[in-house]
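Have the view open and follow along as we go.

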Amino acid sequence: MEVLRTALTQLRAHILRSMLTMLGIVIGISTVILVVGMIENYRSNIENDLSKLGANTFQVERYDGQAFRDPDQRDFRKIINREVADVIRDRCPSVRFVGAELWRRGQSISYKGEKTNLSMLIGGATPEFAINNGYSLETGRFITERDVISHTRVTVIGMDAVDKLFPRENPLGRVVRINGQKFTVIGVFEKQGAATIGQGRDNRVIIPITSWEDMWGKKQSANLTIMAMSPELFDQAQDEVVGVLRQERKVAPGEENDFHIFSNASLAETLGGFATNMQLYGSIFGFIALLVAGFGVANVMLVSVTERTKEIGLRKAIGARRKDILRQFLIEAIILCLVGGLIGLAAGLGLVGAFGDWPPSVPFWAIVMSMGSTILLGVIAGYYPAYKAANLVPIDALRYE
Amino acid sequence: MSSRSLITIQRLHKVYFLGATKVHALRGLNLEIKRNEYVAIMGPSGSGKSTLMNIIGCLDVPTDGNYWLNDQDVSSLNDDELAHIRNKEIGFVFQTFNLLPRATALHNVELPLVYNGTTAKDRKVHAASALEIVGLADRMDHRPNELSGGQRQRVAIARALVNKPSIILADEPTGNLDSKTGVEIMEIFADLHGQGNTIILVTHERDIALHAQRIIHIKDGFVEKIETVS
Ligand SMILES: Nc1ncnc2c1ncn2[C@@H]1O[C@H](COP(=O)(O)OP(=O)(O)OP(=O)(O)O)[C@@H](O)[C@H]1O
Ligand SMILES: [Mg+2]
């Protein structure tokens, strides 16, 4: 405790010098905390999103996201016929569910004069939609095979529509207007929450795919969602589906697929890899900053030892052992680093909170590791100066001018 | 080697090497000092008084010769054992006080106790009573720059006392003080001697030396003569 007191006295006595020395540590630690915290936030949001999107599922679309924006590639692909889902169902043993979806963006739906804005996404879907996409129902039921066969005018709506049209009413059994047509609400999706990638999923309004076609025709390309029998059969299921689609769409051997197939798992992998890289680069930057700071700490401790040679001599003269002096200077170096580390931690947490949610969530391991490395830095940077101080001959140190 | 003596020094040599030149500060010095003696050391400047005091105080080691303290051969001790002796057996009073500038008087006096594991509470008690002995009970919370030279030297004496050492060594303790303050400091040493302490004191002033029981005259690194004060 006595050593601690001396260390803090020293820190206060040379406040400017200490602050400048700590700056590198503050920058290093706050960067690491910021990067790790942001990425962790981002990653957990993505994982959360993706886990909503039905596990074990992949999708088939006509274009991938990139090609969609590139008109040169766009026109020559045939639409994906929703009937191909039936072929897949028949001919792919590793596939468990096949769903087809048709989408209409920028729609509004209304109920008794109340109208949503034009952000609704109207999906014509088969019964597999809910399970393949990981939607659960808050109340009511989902669209059935019978609804599809008999073009029923029913709909399952998301929370955006519920919040707007049915703030205090139970929507079940109510009749809403979609594209001017009457549909009875038979179910409500659970709240999905905000999304990190793409838009939120609460703006979906689902009707039987046949009813959708009644309104908007059969010219639009369908999206297929396909769930494999098991995680082990995931790749096999993809191969089977690719085979069937190539055959159905008459793609010649050696030619590229004229459709895009992708899975949430691959998406998650890409994004996760990106996050890991960012974390790595952030940590490397922080590490370099700490390394540089370490030289600063060592330097300042050497200066301190020289300045305080007389004091060291006196302490030895009245009975301090080598290890007492060694410990004193090591602890001073550690405190210097740790105070810098704590300031850096506070700054990092503040930044994470400012950019993300409050209170900031930074993984515990990052906090422990960063504080651990500042302590380690103090030991490493402080050791040589402390060793030098400990080995001074008392009388020489006392005589030092 | 007499087991009666607190300090026995035989044929002590100290050579300083300054590059190529050698400075022979002590040349075969012999000395015995008994428990509860009050001894003054005098001699011309450069005669080796401080060198001798530093060796007695275990702050420095001789080049040759023997030094027994309390029947213990000091040259056989390792670094930690020497630190222990400096802490427990010796109270050193320096000409330039050597107080920690940022610490209060009380804290300065506590310092030797820090290095022998005395608890914080006991440290305070012992340090306060040592300051009382030197008449500074009302200055405990002052820092050195808030004290006069004489008061600083008293703090230093309290620090030398606080561990109840076998010997108090004082190298020109009044050298930086005016003569009136010097007399006050000498009264403290007289009291300490009266209470059974062993005191060795270096001085240039005969008046001061006359407080002691014996005056050891040193010249060119050895004992020229020993004078007994009547
Ligand atoms: N660290 C040192 N390095 C080299 N020479 C030294 C050292 N310390 C003392 N000396 C030399 O040793 C001799 C004795 O010095 P010492 O300090 O013991 O003298 P002193 O009797 O205490 O003198 P003073 O009365 O001036 O204090 C001197 O010639 C001095 O120059
Ligand atoms: Mg001297």
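Predicted model: local features only at pLDDT ≥ 70, side-chain atom pairs only at ≥ 80, totals over all residues.

Let's start in chain B, with strand β6 (residues 90-93): Ile90(B) and Phe92(B) point one way, Gly91(B) and Val93(B) point the other way, and all are buried. Strands here, like helices, are DSSP runs numbered from the N terminus, with at least two residues (E) for a strand and at least four (H or I) for a helix. "Buried" means under 20% relative accessible area, "exposed" means over 50%, and "partly exposed" is in between, using a 1.4 Å probe and protein chains only.

Residues are numbered from 1 along each chain as its sequence is written, chains are lettered from A and ligands numbered from 1 in the order in which they are written, and side-chain values use heavy atoms, with hydrogens and water left out.

Back to β6(B). It is joined by 4 bridges to strand β7 (residues 167-171) of chain B, and the two run parallel. Two strands count as paired if DSSP finds at least two bridges between them. Look for Val93(B), whose bridge partner in β7(B) is Ala170(B).

Chain B also has an open sheet of 4 strands, in the order β2-β1-β4-β5, with antiparallel pairing. At its edges are β2 (21-34) and β5 (72-73) of chain B, each pairing on one side only. Strand β1 (residues 5-18) of chain B pairs with β4(B) over 5 bridges in the antiparallel sense, and there you can find Gln10(B) opposite Asn66(B) in β4(B).

Now zoom out to chain B as a whole. Its tally is 7 helices and 10 strands. The radius of gyration of chain B is 17 Å, close to the 17 Å that the globule rule gives for 230 residues, so chain B is as compact as a globular protein of that length. That radius is taken over C-alpha atoms, and the globule rule is 2.2 Å times the number of residues to the power 0.38. Along its principal axes, the C-alpha trace of chain B spans about 45 × 40 × 40 Å, and 56% of its 230 residues count as buried. Among contacts in chain B between residues at least 6 apart in sequence, 69% join residues at least 24 apart; a contact means heavy atoms within 4.5 Å.

What sits inside? The largest nonpolar core has 77 residues, and those with the most contacts inside it include Ile9(B), Leu29(B) and Leu52(B). Such a core is a set of buried Ala, Val, Leu, Ile, Met, Phe, Trp, Tyr and Cys residues joined through side-chain atoms within 4.5 Å. The largest share of this core, 9 residues, comes from helix α13 (residues 322-355) of chain A. Apart from this core lies another, of 57 residues, among them Ile80(A), Val95(A), Ala222(A) and Ala237(A).

That brings us to Val95(A), found in strand β2 of chain A. Is Val95(A) buried or exposed? Val95(A) is buried, because its relative accessible area is 7%. Setting aside neighbours within four places in sequence, Val95(A) is in contact with residues including Ile88(A), Ile226(A), Ala237(A) and Val241(A). The C-alpha atoms of Val95(A) and Ile226(A) are separated by 6.9 Å, though the two residues are 131 apart along the chain.

The strand around Val95(A) has partners too. Strand β2 (residues 95-107) of chain A runs antiparallel to strand β11 (residues 223-228) of chain A, joined by 6 bridges, with Glu101(A) opposite Asn223(A). Another 5 bridges join β2(A) to strand β5 (residues 120-125) of chain A, again antiparallel, and Leu102(A) has Gly124(A) as its bridge partner there.

Most residues other than glycine have a negative phi. Lys112(A) has a positive phi of about 50 degrees although it is not a glycine, and Lys112(A) is exposed, with a relative accessible area of 70%. Cys58(B) has a positive phi near 60 degrees, but Cys58(B) is buried, with a relative accessible area of 5%.
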